[in-house]
Amino acid sequence: MPEFNLSGNNMEAFEKICCLENLNERQGKRFIIDDIEIAVFKVDGEVFALNNVCPHQHTTVIYDGYIVNGCVVCPVHGWMFNLKTGKMPSCNAGLDSYQVKIIDNQVHIKITKKELKW
Ligand code: FES
């Protein structure tokens with residue numbers, strides 16, 4: 001369910017997904033919001049949200065990837081995606097990334113339908 005008027009400033013578009021404590025450091029978690037697969041990571045206390053569907057074989061495995069140098073590495077064939085932007089280090093393509101806000105220890109994500117071209 002969407003959250004409304006949490007603290008002003010356009011919070012209508014953000015959805016609460018979990019408590020911050022429900023995320024383990026450097027261990028991804030999978031969420032499905034409005035039929036969109038989301039992979040959420042907490043790295044050094046910062047939370048990142050990316051689309052969970054690896055564009056290589058369209059598998060929902062990104063949440064199970066491991067973290068290296070600010071990127072998540074797909075566990076299937078090793079494609080890397082920047083945690084902040086979703087982009088691959090070597091090109092402009094990659095995964096959709098989503099804005100994250102932490103309010104009162106609750107993780108909120110702004111779902112947008114932008115799509116990167118392949
Ligand atoms: S399925 Fe992700 S790199 Fe192949």
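Entry 1, ground rules. I am working with a predicted model, in which local features need pLDDT of at least 70 and side-chain atom pairs count only at pLDDT 80 or more, while totals for chains, interfaces and linings use all residues. I number residues from 1 along each chain as its sequence is written, and my side-chain values use heavy atoms, with hydrogens and water left out.

I found Asn51 in strand S4 (residues 46–51), where strands are DSSP runs of E of at least two residues, numbered from the N terminus. Asn51 counts as buried because its relative accessibility is 13%, buried meaning under 20% relative accessible area, exposed over 50% and partly exposed in between, with a 1.4 Å probe and protein chains only. A polar atom of the Asn51 side chain lies 2.9 Å from the backbone nitrogen of Val53. Beyond neighbours within four places in sequence, I list among the contacts of Asn51 (heavy atoms within 4.5 Å) Glu37, Asp96 and Tyr98.

Strand S3 (residues 36–43) runs antiparallel to S4 and is joined to S4 by 6 bridges, pairing being assigned if DSSP finds at least two bridges between two strands. Phe48 in S4 is the bridge partner of Phe41.

I looked up the salt bridge (a side-chain nitrogen of Lys or Arg within 4 Å of a carboxyl oxygen of Asp or Glu) between Glu37 and Arg30, at 2.5 Å, N to O. Glu37 counts as buried at 14% relative accessibility, whereas Arg30 is partly exposed at 38%.

Terms used
Helix = DSSP H or I, 4+ residues; strand = E, 2+ residues; numbered from the N terminus. Polar contact = N/O pair within 3.5 Å; in protein donor to acceptor, adjacent residues only side chain to side chain.
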